[in-house]
Amino acid sequence: MAKFILSRFLQAIPTLFVIATLTFFMTRLAPGGPFDSEKAIPQEIKDKLEAHFGLDLPLHKQYLLYLKNLLQGDLGPSFKYMGWDVSELIATAFPVSAQLGLCSLFIALLLGLPTGIIAALRKNTAYDYLFMSIAMLGICLPTFVLGPLLILIFSSFLGWLPPLGWYSMTDMFLPSLTLGLFYAAYIARLTRAGMLDTLNQDYVRTARAKGASPMRVVTRHALKGGLLPVVTFLGPAFAGLISGSFIIESIFFIPGLGRFFVTAAFNRDYTMVLGTVLFYACLIIFLNLMVDIIQASLDPKSRSK
Amino acid sequence: MSIETAKAKNLLGQNPEGSSLWGDAWIRLRANRLATASLFFFIFVSIVTILGPEMISTSYEEQDLNNAFAPPSLTHFFGTDNLGRDLLARVLHGGRISLAVGFLATAVSLFIGVSYGMASGYLGGKIDALMMRVVDILYSLPFTIFVILLMVLFGRNFILLFIAIGAVEWLTMARITRGQTLSLKQAEFIEAARALGFPDSRILIRHILPNLLGPVIVYATLTVPAVMLLEAVLSFLGLGVQAPMSSWGSLIKEGSEKMDIAPWLILFPGLFFSFTLLALNFLGDGLRDALDPKSAKD
Amino acid sequence: MKLLEIKNLSTHFHVRTGTVRAVDGVSFSIEQGEIVGVVGESGSGKSVTCHSMLGLLPQPPAKIENGSIHFKGEDLIHLPKDELRRLRGQSISMIFQDPMSCLNPYLTILDQVSEPLLIHEDISKEKAEGKAIEMMKKVGIRDAEKRAHSYPHEFSGGMRQRVMIAMALVTSPNLLLADEPTTALDVTVQAKILGILKSLKDDLNLSVLFVTHDLGVVAEIADRIVVMYRGKIVEEGTVSEIFNNPKHPYVKGLLACRPSLDCKYQTLPTVDDFLESIEKPDGSFEIKERTTANEYLESLLEQSSSDLKSSIEPKQTLLRINDLKVHFTTKRSLFQKQGETIKAIDGIDLKILRGQTLGLVGESGCGKTTTGRAILQLIRPTKGTVEYGGQELSKLSSTDLIPFRKRMQIIFQDPYASLNPRLTIEQALTEPMRVHQIGTNDNNRRDMVVSLLEEVGLSSVHLRRYPHEFSGGQRQRVCVARALAVEPEFIVCDECVSAMDVSVQAQVLNLLRELQEKRQLTYLFISHDLSVVKFISDEVAVMKAGKIIESGKSDALYSNPKDKYTQELIESIPSPEKVIA
C-alpha cells in the first residue's frame, strides 16, 4: 500500500516536469509579452521591468532558472500583481474555488444519488423517464446558459437571492447550484446505470431468494456495487468542478482561482499561468490517487491480497 | 433460453437473406422512439444549418442600426441583435460553425484514438504498458486549461480550435478502443483466425475493427456534443470564433449580456444549442442500447 | 397432505417477436422428505417452473397465465408479495447454478450465511452467526470459524456451492429448490455435493426439487423424476421406471443418445430418430413418435459390431510432444508486490497417431486447454518440443508456421464466440480459403463452401446468414466447416460439445466421427466429460495439475484404471446404470 502510494508519487514527478516544460515554452513562444499591452509604458521602464523579472535572459536560461526555483518550491512573483508571489495569490484564490467546488459537489450528490437510485428501482416507469429526461436536460444545458437563467429567475424576477459577489452564505447558493446541477445530472445517470447493472447480478437474486425485503436488497446488497462507478467519477468530477469553475466565477464575479487563471492568461502573466497549471495538475494527480485507493479498498478482492 | 431460440427461428423463417448485427441494431434503434425522433431532429438541424444561410435573404453580417434590438416579427423571425443583425441568419450560420467544430474535432479524436488504442491493445505487453502510461500522464494534464491557454496565447484560429479539442478528446477514445481490443483479442473467433494463419493486419482490420465499432460509434456520438460544449465555453470566454462570424456559444454569450433588454437573444441560440445536444445525447444512448442487445430495455 | 402441489401451471414470456410458452400446463407434486428431479434440455421450461414458485421471474416479460402452486395448502401465486417474501429463505430456499456470481462479492461468507436467520427470525447477531458456522460445518467446510470471515473469491467453486447450501438450509426450510446446482462443478466435486445433499435431506427431513439437464445426476439423487420437453411434462415416474421402461419417444431418445461408459454404439442415435415435433400456429408443439426408431437402433447396433474401426494397418506418428511446459506470470496488482508464476503445463509427453483420436480429460484448471493451444502455437511453450510430422514447431517464426496453420485446426467450446458476428457464413468460410490460396476464384470457392456446408449437414440456404441466426448445434457445424475449409489433417477439439444439450451433442459427435473416417482426420479431443471422451477416443490421457498422470488405450484405461485419481474420476461419473443395477 505505502509502496503503491510512493510509486504514484514518483510517477507524478515526470508528469509535472512535462507539464512545466510544455507550459513554459507555450507561453514564451506565443506572440506578445506581459508588458506589451499597456502602450503607455515608456520603453526604458519596460526594459527595466523585463530585466527585473529576468525576461531579458536567453530563453534556455530563463527555463533553467524557473526549474531551479520550482525545485525549491518557489513559483516566482506575479508579473501583473506587483509585490505578490504566485503562491500567495493561489493561496488566497484557491479556498474560494474549493468552497464553491465542495458546495457544488454536495448539491450534485444530494440530487444525483437519490434520483439515480429511484430511477433504477422504478426502471421504465414515469419516474424513471421524468428523472432521466431532467438529467439529460441538465447535461445539455451549459452552465453559461443556466447561470444567467437562474440569475434571471431568482434575482431579477423573484428577488430572493443576490445575483453577484461572494460575501455571504446566500451568495454561494446560486453559483453552487448552477455548477452542481450539471454534475448532479451526470451522477444520476451513472448511479442509474450502475444500480441497474448490480440489480441484474445473480447475487441480488440470491438475496431476494433469501427473503430479504426490497429495502434490504438495495441497501445491503446492491448499493455497494452500484455506486462504484460514481466513486470512480468523483475524482475527475471534483477536479473538473474546481478547474472548470472559471465560467461560473466570471458569471457571478467570484474571486476564485479560475478567474485568476483566465485573467493571467490574457495578461501574459507567465509565472501566474505556470503556477496555476502546475497547481491544477498536482490536484488532479492527487485526486486520481485518492479515487484509486478508495476503489481498491471497496473491492475485497484487491484488499485481501 | 427459449426466447432466443424462438427469435432465431422467427428470423430464420422470415428472412432468407439473413440480417446482420447492424441491421438488427437499426431495427432496435427504430423501435426506440426517442432516439428516432432525435435522429430526425438532428438531420433537420444539419440540413437547416447547412442550406439555411443560403436560402434566407438576410446575411448574418448585414447591419441595420435603425432596427437594433427588434423583437421577433414577420420580417425577423428571431428578432435582431444590438447592431440590427438578423438573429435567424446568425443562429443558422452559428450552427454551421458549431456543428463543423463538433464533427471535425470528433473525427480528429476518432482517428487518433482508434488507431492508438488498437495498436496498444493488439501489441500488448510492454508496448501496451508504455503507450497507456503516456495516456495516463496526458490524463493528468488539466486539458480544458491547456486548450484555453492555447487559444489565448496563439489567438483565435479555427483550425487550431478543433485540433486542440480533438487532441483532448482522443484520450478516452483510445482507452475505450484499447479495452475493446484487449477483450476481443481473447475472443475465440480471433484465436480461430490466428489458428487459420491470417496475417495480423487482416485480423486487425477485418475482425477486430468491425467488432469494436459499436462502442466507438456510441462514444463518438457522445463526443460531438461534448466538443460543441467545449467550443461554446471557449466562445463564451471570448476565445471562439470572431465577430461578425458566430457560433452558438458566441451568440449565447452576447445574449446573456443583453438578457434584460432582449431575452430572445439568448433564448433562440440557447434553445437550438440545448436541443441539438439533447438530440445527440439521446441518439448516443439509443445507439448504445441498440448495439448491445443485452442492455436493451425489454 | 402434499408439501408442494403444482397444478396446470403456465408461464409465458411476452417478447417483441411473440409469446413464448416457457411453461405450458405443468402439474406435479412433492411429498415431505422426497427428492424430485426435474430433467430437461435448455429451453424446456424447468428453471422457469422453479422460479415461478418463488416469484423470482422478471415480470414483465414473464407472466404466470394460469394454474396454481400450493405449498402447505397456501397458493403461492396469489399470496401477497410480503407473505411470499417471508416464505422465501425460511420455508422454501433456493440454490443456483453458478456459485461464483450468486454470492455477494462485497460481503463476508459469515454475513451472507447468517443473513436468512437475521431476516426471518428474532435472533441476536451472535446466535445467528453461531448457527451459521454450525451449518457450514455440516456441509463440510473445514475450519468454518476461521474461514467464515473470508470473502467469496477466496473459496473454490465447490466450496462456494457448499456455502450456498449452508445459506439455504440455515433456517431449516421444508423445501429446497436446487436449480442446476452441480452443473458448473467438476465431476469429483459434483459427487461430493450430491452426497452432502442426500445426507442433509435425511438429517433435516427436507424435500428437494432438483432441476438438472443431466440424466446421470438425477438418477443418483432423485426418488422420482419429471421429464420436461418444450414447456410440458412428457413423462413422470420413479428412477427405475424412467430408465428401464421409458414410454414417451422423447425420453427414449434422450436415454439412447447419451454416450455412457458402456455405450455399444459407433454412431449415436439422436432424439430426432425417435420423434417428430411440429409447431402449431399458436406456438405450442405437437409430438409424433417415429415408428421406425426401434429398427434404426438395431441397425446401428449391427453396424457397430461389424465395424472394426481401429483396423490393423500400422499407424505412423503425426504429433509428438516432449517435456512440454507452459508457465504464466500473473500481473502485479495494487496490493501485491510480485506476480506469481503459474505452471499451467508442467512437463508433459504425448503422442498421437495419424487417423486416430487422442482424448485428453481432466478437471477445470488442469491445463488441458493450454495444451491444445500450445500444440497449435497459439500459446508459445516455455520449454519442450512440439513435433508435427517430423518438424519442430515451437521454434518456428509465425511466418514459417503459416503452412502448418493449414494442416492443423481447432474447434472451440463456444461456437458463438468463435465466429466473427459481423461476417456471413459465406464470408467466414471463404476467407481462410483466400488466405491460403485454396480455390481459383470466388465462384469456385463458393461451390466449395456449399459442398462443405452440405458435408456438415447444412445447405446453401445458410450462405448469407449471420452466426446469431443459428442454433447452437448449427453454429458448431459452421465452426467444423470453417476448420475443414483449409483441408487440415489434424483438429484440436477443445470442449467442443461441452456446452450442448445431449441430443445436439450426439449429432455433433456423430458428425466428427463421420468426417474422421471420410477425410482420415486426426483429433485431439479435449473434454472434462469422461463418457464423451470414451465414446470418441482410441487413446486417452488423464491430466491433473499440469501433468499427465495416466494414459493408454481407451478401453483398457476405463476398465482398469491404475492411478487413484483416474479411479476417483471414473467413480464420480453419475450414472443411472449404477443406481438401477
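Of the 305 residues of chain A, what percentage count as buried? The share is 41%, where a residue is buried if 20 or more other C-beta atoms, placed from the backbone, lie within 10 Å of its own, exposed if 12 or fewer do, and partly exposed in between. This is a predicted model, in which local features need pLDDT of at least 70 and side-chain atom pairs count only at pLDDT 80 or more, while totals for chains, interfaces and linings use all residues. Residues are numbered from 1 along each chain as its sequence is written, and chains are lettered from A and ligands numbered from 1 in the order in which they are written.

Chain A has 14 helices and 0 strands, helices (H or I, at least four residues) and strands (E, at least two) being DSSP runs numbered from the N terminus. Its C-alpha trace spans about 85 × 60 × 30 Å along the principal axes. Among contacts in chain A between residues at least 6 apart in sequence, 74% join residues at least 24 apart, a contact being a pair whose C-beta atoms, placed from the backbone, lie within 7 Å.

Where chain A meets chain C, the contact takes 23 residues from chain A and 27 residues from chain C. On the side of chain A that touches chain C, the elements giving two or more residues are α8 (202-209), α9 (214-226) and α14 (300-304) of chain A, and α8(A) gives the most, with 6 residues. That side divides into 7 nonpolar, 8 polar and 8 charged residues, with Ala, Val, Leu, Ile, Met, Phe, Trp, Tyr, Cys and Pro counted as nonpolar, Asp, Glu, Lys and Arg as charged, and the others, Gly among them, as polar.

Chain C contains 21 helices and 22 strands. Its radius of gyration is 26 Å, close to the 25 Å that the globule rule gives for 581 residues, so chain C is as compact as a globular protein of that length; the radius is taken over C-alpha atoms, and the rule is 2.2 Å times the number of residues to the power 0.38. Buried residues make up 47% of chain C.

One open sheet of chain C has 4 strands in the order β2-β1-β4-β5, with antiparallel pairing, two strands being paired if DSSP finds at least two bridges between them. The edge strands are β2 (18-30) and β5 (74-75) of chain C, each of which pairs on one side only. Within the sheet, β1 (residues 4-15) and β4 (residues 62-71) of chain C are joined by 8 bridges, and C:F13 has C:A62 in β4(C) as its bridge partner. Helix α1 (residues 46-54) of chain C packs on this sheet, touching β1, β2 and β4 of chain C, and its direction makes about 75 degrees with that of β2(C); axes are lines fitted to C-alpha atoms, for helices over the stretch in contact, and angles run from 0 to 180 degrees between N-to-C directions.

Further along chain C, strand β15 (residues 357-361) has 5 of its 5 residues buried. C:T357, C:G359 and C:V361 point one way from β15(C), and C:L358 and C:L360 point the other way. β15(C) pairs in the parallel sense with β20 (residues 522-527) of chain C over 5 bridges, where C:L358 stands opposite C:L524. It also runs parallel to β21 (residues 539-544) of chain C, with 4 bridges, and here C:L360 stands opposite C:A541.

Definitions and conventions. Two residues are in contact if their C-beta atoms, placed from the backbone, lie within 7 Å.
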